[in-house]
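Open the structure in your viewer and keep the sequence panel beside it. The stops below say what to select next and what is there.

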Amino acid sequence: MGVDRKTFLRVTGMSLAALAARRVAGAIAGPSASHVVPAPGALTARRWAMVVDARKCLKKEGCDLCIKACNRSHNVPVITDRRHEIKWIWKEPFKDAFISGQSEFANAMFQDKPFVVFCNHCDRPPCVRVCPTQATWKREDGIVMMDWHRCIGCRYCMAACPYGSRSFNWTDPRPYIKDLTADFPTRSKGVVEKCTFCAERLARGRPPACVEACEPKALTFGDLEDPASDVRQILRSNFAIRRKAELGTAPGVYYIV
Amino acid sequence: MNDRGLIVAGLLVFLGLITFPVWYDLAAGKAPQEPEVTLPPHEKECVAPIPYMKTSHMTLLNEWRDQVVRNNVGTYTAYNGRTYAISLTGTCLQQCHTEKAEFCDRCHTFNGVRSPYCWDCHVDPELVHQALQQTSAARRGEQDGR
């Protein structure tokens, strides 16, 4: 009567093996959680990058169309107190933006020229490495993205970023927003913010706001991994530099000087 | 010792005090009116069945948040096959529940649920409307002053 020892062991063993096989098969065949299928009509790339043609940009002195467009579309507050200011895209004198071993005499013609700077969307972003909550991370398409819901305001990323591309909200930014738009959220007190290469516009098939606003067409946005893209074509025929590339962050913003 | 009388009296007073809100409402002759949630005139259904939305809209909103921010998925396919753009302000407020005070705040206040911090960042279009009116009023004032 009943099950003898041998049959019991055989059935148990086979059941366990079947269970394990199912899990293995599931792990191999199942969809990867991180894989993202973009919406139809969205702009996509394997590695987004920007080329700033400083020759065209500097020609139009005092122009701030890109900055205004960015601030307007992202509800970026304009705070005059420099300790509290929030910056996504701004101008920095060449000598501060491009600190390198070069002598001031070699760069003499550019030293005080204002260069537009913003997040470099690095290939090896130090901010991402230090963020304790993964509120900032590198997307598959190279965009160093931010999740403001998850930011706890520790500011490690600000300490890690060698470009000063990140700003912290010391106060509620709302009173400092000039033209509030409902199309994009504001931030709240206690979170860090920065340029996101207009991820929300790319998802709707539109280029970044700064690129669209630039009248001299000094900003070119495109896929660095696509040899036929605009950015690659420009980089093929022009000499370009990157900010503090020697640090090994592999910045994704190129400057033609 | 025999404190039974004191204890019973004390208990009665205690019960009376803690059930005071109930007596008060009964005496006033009106039960508190539950806020009534209505569908916007141009819609017959919400993004999920209404009982689910009543109890679990926060879960749905959290899922939406993760989808659009972390997974770059901007479209939500509802239970009935309809698709919606994932956007708290753009879809929920601007397309349907245009009165945030009427729709969100009323119920949250009634239930004593502190207003969540969604609105610290997400913009109530009503605010934009007010800001626009203020600036245009200021401009009119400037013109009149001249």
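## Chain A as a whole

The model is predicted. Colour by secondary structure to find nine helices and ten strands in chain A. Of the 257 residues, 35% count as buried. Among contacts in chain A between residues at least 6 apart in sequence, 64% join residues at least 24 apart.

To see the pairs, pick A:Ala240, whose bridge partner in strand 10 of chain A is A:Ile256. Then pick A:Ile241, which stands opposite A:Tyr255 in strand 10 of chain A.

Now move to the other partner of strand 10. Strand 1 of chain A pairs with strand 10 of chain A in the parallel sense, over four bridges. Here A:Val51 stands opposite A:Tyr254 of strand 10 of chain A.

## The nonpolar core

In soluble globular proteins, nonpolar side chains tend to be buried together. The largest nonpolar core here has 52 residues. Which of its residues touch the most other members? Select A:Val52, A:Cys66, A:Cys70, A:Ile89, A:Val116, A:Cys210 and A:Leu219 to see them. Strand 1 of chain A gives this core its largest share, five residues.

Centre the view on A:Cys210. Leaving aside neighbours within four places in sequence, A:Cys210 is in contact with A:Cys66, A:Ala69, A:Cys70, A:Ile89 and A:Leu219.

## Helix 3 and its surroundings

Go on to helix 3 (residues 65–74) of chain A. Its buried residues are A:Cys66, A:Ile67, A:Cys70, A:Asn71, A:Ser73 and A:His74. To see what they pack against, show strand 2 (89–93), strand 3 (114–118), helix 8 (209–213) and strand 8 of chain A. Step just past the end of helix 3 of chain A to A:Asn75, which takes a positive phi of about 55°.

## A stop at A:Glu212

Select A:Glu212, which is found in helix 8 of chain A. Is A:Glu212 buried or partly exposed? A residue counts as buried if 20 or more other C-beta atoms lie within 10 Å of its own. A:Glu212 has 16 other C-beta atoms within 10 Å, so A:Glu212 is partly exposed. Not counting residues up to four places away in sequence, A:Glu212 touches A:Ala69 and A:Pro207. For a distance across the chain, pick A:Val231 as well: A:Glu212 and A:Val231 are 19 residues apart in sequence and 15 Å apart in space, C-alpha to C-alpha.

## Chain B and the contact

Show chain B. Its secondary structure comes to seven helices and two strands, and along the sequence these follow the pattern α-α-α-β-β-α-α-α-α. Chain B has a radius of gyration of 24 Å, while a compact globule of 146 residues would have one near 15 Å. Its C-alpha trace spans about 80 × 55 × 30 Å along the principal axes. Of the 146 residues of chain B, 9% count as buried. Among contacts in chain B between residues at least 6 apart in sequence, 50% join residues at least 24 apart.

Finish with both chains in view.

Terms used: Residues are numbered from 1 along each chain as its sequence is written. Chains are lettered from A and ligands numbered from 1 in the order in which they are written. This is a predicted model: local features need pLDDT of at least 70, side-chain atom pairs count only at pLDDT 80 or more; totals for chains, interfaces and linings use all residues. Two strands pair if DSSP finds at least two bridges between them. A residue is buried if 20 or more other C-beta atoms lie within 10 Å of its own, exposed if 12 or fewer, and partly exposed in between; C-beta atoms are placed from the backbone. Two residues are in contact if their C-beta atoms, placed from the backbone, lie within 7 Å. A nonpolar core is a set of buried Ala, Val, Leu, Ile, Met, Phe, Trp, Tyr and Cys residues joined through C-beta atoms within 7 Å. The radius of gyration is taken over C-alpha atoms; the globule rule is 2.2 Å times the number of residues to the power 0.38.
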